[in-house]
Amino acid sequence: MNTTPLPITAEPVAVAPERRAGRANLRQLIELRWLAVVGQLATVLVVHVGLAITLPWAEMLSLLGILVVFNLFSTWRNKLAHPVSQIELCIALLVDVGVLTGQLYLAGGSDNPFIYLYLLQVAVASVLLRPAYLMGVMLSAVSGFVLLTQWHRPLLLDASSPTTLSPNYLGGLLLCFLLNVALLSVFIVRINRNLRQRDAELAELQQRAAEEVHIVRMGLLASGAAHELGTPLATLSVILGDWAHMAPFAGEPELREEIEEMQRQILRCKAIVTGILMSAGEMRGEAPRLTTLQAFIDSLALSWRAAHPNADLAVRNKGLPEVEIISDSALQQVVANLLDNALEAAPGMPLTLVATCPDETTLHLSVRDNGPGFDADRLKHFGEPYQSSKGQPGRGMGLFLSVNVARTLGGRLEAHNREGGGAEVVLTLPLASLLPRQSATHAR
């Protein structure tokens, strides 16, 4: 099993597809250019030899030679390790447009029926290039078309009656060409943008599916461990209860205090096990506990203070709506985890838990500390697994699970550094996700 942390390989994985795409695109251009060389050579030979139409074949073959040399250079370039950039692809297409313009200039200009091969160059550029570089290819194709309507060598199909086109026809031809270029580029660019958006959404869905599989596995492990711990904890509780009533222990105040402390710790372990089982969905549906939003925040803060008696936690939860919600154990664990992280980031400094409802449908829970804040890399990879500032293997799963719990409840978890120092993590949730089913239906 590969245990390498995901963020270490995220950057190379993101860069590699772009490099492969650049090489693949240049390879496609090379293959198309070889087809163009063969097609132009065959056309020149058929027209000049087979149809006995006079063509400046020497100049046209010279242009084909330039295209062959450039294609050989492109083949060599594609073998280099350096990635192929957009400007290189743009230059390659501009060379193709330039050679095509030269061939058409020698063979009738706008009178040549192959004038619409410009559209192929625009179509290829629309697929391969970004809009800025695409505009350069479009301008070169349109400029070549316009220039060829004014300057070109006539194509003498019949030496006794040279072919001429009326200005109106040329104007209509130019307008048709411009419309084709504009529509072709716009629609292909939009299709490409839609495809890229779809690919990005699919990648995000795949990432979420992988994260959810990870969470399910962790939940199964935690649930199994909680079941296994239930029996020994119950046994220890019974033994300690018996010890508390035995004369040797009952007569010693220090021993009795230690037994009472052990019993409190076992009760805490039982509460943790119960919370794990509730989060796994094994107990929550049996008897969901209803409370108010204000009471939920107060209870959460009270239980966290009890577990961290030396911590300084201030709670601001005024102005919360008087609505009845389900006491969600997963949400309690998320906020407790955020408070734990804040305490570790700023030990001995005061923490603040702020609960607000900016409107009737949204709940904001923010945890603020006065520590050093997040560095840029931590903010960039916030919520990803194995991203921990503690530098220990396997750590950093708390925020990852918190992000996914927030996502499951229809909300989001965001982090930023405060202007006055310290960090703030904000959990935004729709209130409907915490309301009882009947109340949630009325709220919608």
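Strand β5 is mostly covered, with five of its seven residues buried (buried means under 20% relative accessible area, exposed over 50% and partly exposed in between, with a 1.4 Å probe and protein chains only). The model is a predicted one, in which local features need pLDDT of at least 70 and side-chain atom pairs count only at pLDDT 80 or more, while totals for chains, interfaces and linings use all residues. Residues are numbered from 1 along each chain as its sequence is written, and side-chain values use heavy atoms, with hydrogens and water left out. Strands (E, at least two residues) and helices (H or I, at least four) are DSSP runs, numbered from the N terminus.

Where does β5 sit in its sheet? The order is β2-β4-β5-β7-β6, an open sheet of five strands with mixed pairing; two strands pair if DSSP finds at least two bridges between them. β2 (313–316) and β6 (412–417) stand at the edges, each with a single partner strand, so one side of each lacks a neighbour in the sheet. On average, neighbouring strands are turned by 15° against each other, direction ignored.

Going through the pairs, β4 and β5 are antiparallel over six bridges, and a hairpin joins β4 to β5 through two residues. Ala 355 has Leu 365 in β5 as its bridge partner.

Now for the helices. α9 lies across β2, β4 (351–359) and β5 (362–368), and runs at about 180° to β2. α10 lies across β2, β4, β5, β6 and β7, at about 25° to β5. Axes are lines fitted to C-alpha atoms, for helices over the stretch in contact, and angles run from 0 to 180 degrees between N-to-C directions.

How do the two helices meet? α9 (residues 293–307) and α10 (residues 329–345) pack at an angle of about 50°, with their axes 11 Å apart. That makes α9 oblique to α10, because angles under 35 degrees count as roughly parallel, over 145 as roughly antiparallel, 65 to 115 as roughly perpendicular and the rest as oblique. Contact (heavy atoms within 4.5 Å) is made by Phe 296, Leu 300 and Trp 304 of α9, and by residues of α10 including Leu 331, Val 335 and Leu 339.
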